[in-house]
Amino acid sequence: MKDRQLKVVRLIEPELCLECRFAQMADVEMADGTHQRMIHCRRLDCDNWDYQSAADANALDLDDAA
Ligand SMILES: [Zn+2]
């Protein structure tokens, strides 16, 4: 998962991505080394992302298939 730049964005309506089949829970290592649980949305055309909130992340550890 190091092949592309990871970005963390705020979800405008988190419920929308949770119900989307492209979403998965993940443990994300932020640029400052802290870990956060969040939704990983793999839908590239998802319009639920607040790009202005984008922040760098170091690593992504996806949960096993739900
Ligand atoms: Zn989404």
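This is a predicted model: local features need pLDDT of at least 70, side-chain atom pairs count only at pLDDT 80 or more; totals for chains, interfaces and linings use all residues.
Residues are numbered from 1 along each chain as its sequence is written.

Now the elements. The chain has one helix and four strands, where helices (H or I, at least four residues) and strands (E, at least two) are DSSP runs, numbered from the N terminus. Along the sequence they follow the pattern β-α-β-β-β.

The four strands make an open sheet in the order E1-E4-E2-E3, with antiparallel pairing; two strands are said to pair if DSSP finds at least two bridges between them. At the edges stand strand E1 (6-11) and strand E3 (35-41), each with a single partner strand, so one side of each is left without a neighbour in the sheet. Neighbouring strands of this sheet are turned by 60 degrees against each other on average, direction ignored, where the axes are lines fitted to C-alpha atoms and angles run from 0 to 180 degrees between N-to-C directions.

Going through the pairs, E1 is joined by five bridges to strand E4 (residues 49-62), the two running antiparallel, and the bridge partner of Val8 in E4 is Ala55. E4 is also joined to E2 by five bridges, again antiparallel. Strand E2 (residues 23-30) then pairs with E3 over seven bridges in the antiparallel sense, and in the hairpin of these two strands, which has four residues between them, Gly33 takes a positive phi near 90 degrees.

What, then, of burial in E4? The count of buried residues among its 14 residues is zero, and the strand is hardly covered, a residue being buried if 20 or more other C-beta atoms, placed from the backbone, lie within 10 Å of its own. Over the chain, buried residues make up 5% of the 66 residues.

Finally, the overall dimensions. The radius of gyration, taken over C-alpha atoms, is 11 Å, which agrees with the value near 11 Å for a compact globule with 66 residues, the globule rule being 2.2 Å times the number of residues to the power 0.38. The C-alpha atoms fill a box of roughly 30 × 30 × 20 Å, taken along the principal axes.

Terms used: A residue is buried if 20 or more other C-beta atoms lie within 10 Å of its own, exposed if 12 or fewer, and partly exposed in between; C-beta atoms are placed from the backbone.
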